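Q: I've got this one open on my screen. Can you walk me through it?

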Amino acid sequence: MIYDRILITAEQLDARITALAQHISAAYNGDSILAMVLLEGAKPFARQLLSRLTIPAAAEYLKVSSYHGGTKSTGDVILNFPIELNNKIRGNNILIIDDIYDTGLTLASTVDHVRQCEPKAIKTCVLLEKQILHHRFVPIDFLGFQIEDTFVIGFGMDYRNQYRNLPFIASLHPDRIA
Ligand code: IMP
Ligand code: MG
């Protein structure tokens, strides 16, 4: 068995993402946004979310990592921000999209960097928030679900680059953790 328990079904994801897209579209009230999607984990979430927005949106995809293959954040966040992106951020409504708010280090580092590029405004949208004491607090403007403190896989989220393909979100079976 690769997973222990299904926490969020494909149907629940679908319905929640539709609702989030409506909230986001209403919040920007016709303004355009530049979505910054944190790879790899946020890809499936962002694809569905962005396709359901009713406001003008562009997207940039950024490779950000802090886990390096384990189930605990290493604390070192590696951001790959191309110079051209810094210019695109200036004066724009930035919506940072990520899969999970866990320690908060990834989101906080991304927000810090984006802020230095002088955007018009920064908002955050995260599919899952782990109910833990985050190391860095980041305000989440649009949240999908709160989950317990367990390592999850599926719908973009991986363990050692596997299981991203699962259409639901499940907790990783303890036997699979090397
Ligand atoms: P943070 O920097 O600790 O908040 O971690 C955020 C990043 O770590 C997320 O963008 C995910 O890519 C990854 N991550 C955190 N928790 C999990 C998990 O339970 N499963 C898979 N990836 C996770
Ligand atoms: Mg991530």
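Q: Which elements each supply at least two residues of the shell around ligand 1?
A: In this predicted model, they are β5 (93-101) and α4 (105-116).

Q: Which one gives the most?
A: β5 does, with three residues in the shell around ligand 1.

Q: How many residues surround ligand 1, and which are the closest?
A: There are 17 residues around ligand 1. The closest are Asp-99, Thr-103, Gly-104, Thr-106 and Val-152.

Q: What's the split by class in that shell?
A: Six residues are nonpolar, six are polar and five are charged.

Q: Now the polar contacts. Which side chain atoms come up to an oxygen of ligand 1?
A: Take Asp-98: a polar atom of its side chain is 2.9 Å from an oxygen atom of ligand 1. Then Lys-130: an N or O atom in its side chain also lies 2.9 Å from an oxygen atom of ligand 1.

Q: And which residue has a polar backbone atom 2.6 Å from a nitrogen atom of ligand 1?
A: That's Val-152.

Q: How much of the accessible area of ligand 1 does the protein cover?
A: The protein covers 92% of it. On its own, ligand 1 has 490 Å² of accessible area.

Q: Switching topic. Where is Thr-124, and is it buried or exposed?
A: Thr-124 sits in strand β6, residues 121-130. Thr-124 counts as buried because its relative accessibility is 3%, and the cut-off for buried is under 20%.

Q: What does the side chain of Thr-124 reach?
A: The backbone oxygen of Pro-139, at 2.6 Å.

Q: What else does Thr-124 touch, leaving out residues up to four places away in sequence?
A: Leu-95, Ile-96 and Val-111 are among them. So are Val-138, Ile-140, Asp-141 and Phe-142, along with Pro-139 again.

Q: What about Lys-123, which strand is that in?
A: Lys-123 lies in strand β6.

Q: Why is Lys-123 called partly exposed?
A: Because its relative accessible area is 28%.

Q: How far is Lys-123 from Leu-95?
A: They are 4.9 Å apart in space, C-alpha to C-alpha. In sequence, Lys-123 and Leu-95 are 28 residues apart.

Q: Which residues does Lys-123 touch, again not counting those up to four places away in sequence?
A: Leu-95 is one of them.

Q: On to the helices. How many residues are in α1, and how far does it reach?
A: Helix α1 covers residues 10-28, which is 19 residues. From first C-alpha to last it reaches 27 Å, close to the 27 Å expected at 1.5 Å a residue.

Q: Which residues of α1 are buried?
A: Leu-13, Ile-17, Ala-19, Leu-20, Ala-21, Ile-24, Ser-25 and Tyr-28.

Q: And in α2, which are buried?
A: Pro-44, Phe-45, Ala-46, Leu-49 and Leu-50.

Q: What do those buried α2 residues pack against?
A: They pack against α1, β2, β3, β5 and β6.

Q: Where is Arg-160 found?
A: In the loop between β8 (152-153) and β9 (169-172). Arg-160 has a positive phi of about 50°, and it is not a glycine. At 48% relative accessibility, Arg-160 counts as partly exposed.

Q: Last one, Thr-71. Where does it lie, and what does it touch beyond four places in sequence?
A: Thr-71 lies in the loop between β3 (57-65) and β4 (78-79). Thr-71 touches Phe-151, Tyr-159, Leu-172 and Ile-177.

Conventions: Residues are numbered from 1 along each chain as its sequence is written. Chains are lettered from A and ligands numbered from 1 in the order in which they are written. This is a predicted model: local features need pLDDT of at least 70, side-chain atom pairs count only at pLDDT 80 or more; totals for chains, interfaces and linings use all residues. Side-chain values use heavy atoms; hydrogens and water are left out. A residue is near a molecule or strand if one of its heavy atoms lies within 4 Å of it. A polar contact is a pair of N or O atoms within 3.5 Å; within protein, one must be able to donate a hydrogen and the other to accept it, and residues adjacent in sequence count only if both atoms are side-chain atoms. Accessible areas come from the Shrake-Rupley method with a 1.4 Å probe; for residues, only the protein chains shown count as cover. Ala, Val, Leu, Ile, Met, Phe, Trp, Tyr, Cys and Pro count as nonpolar, Asp, Glu, Lys and Arg as charged, and the others, Gly among them, as polar. Buried means under 20% relative accessible area, exposed over 50%, partly exposed in between (1.4 Å probe, protein chains only). Contact means heavy atoms within 4.5 Å. The expected span of a helix is 1.5 Å times one less than its number of residues.
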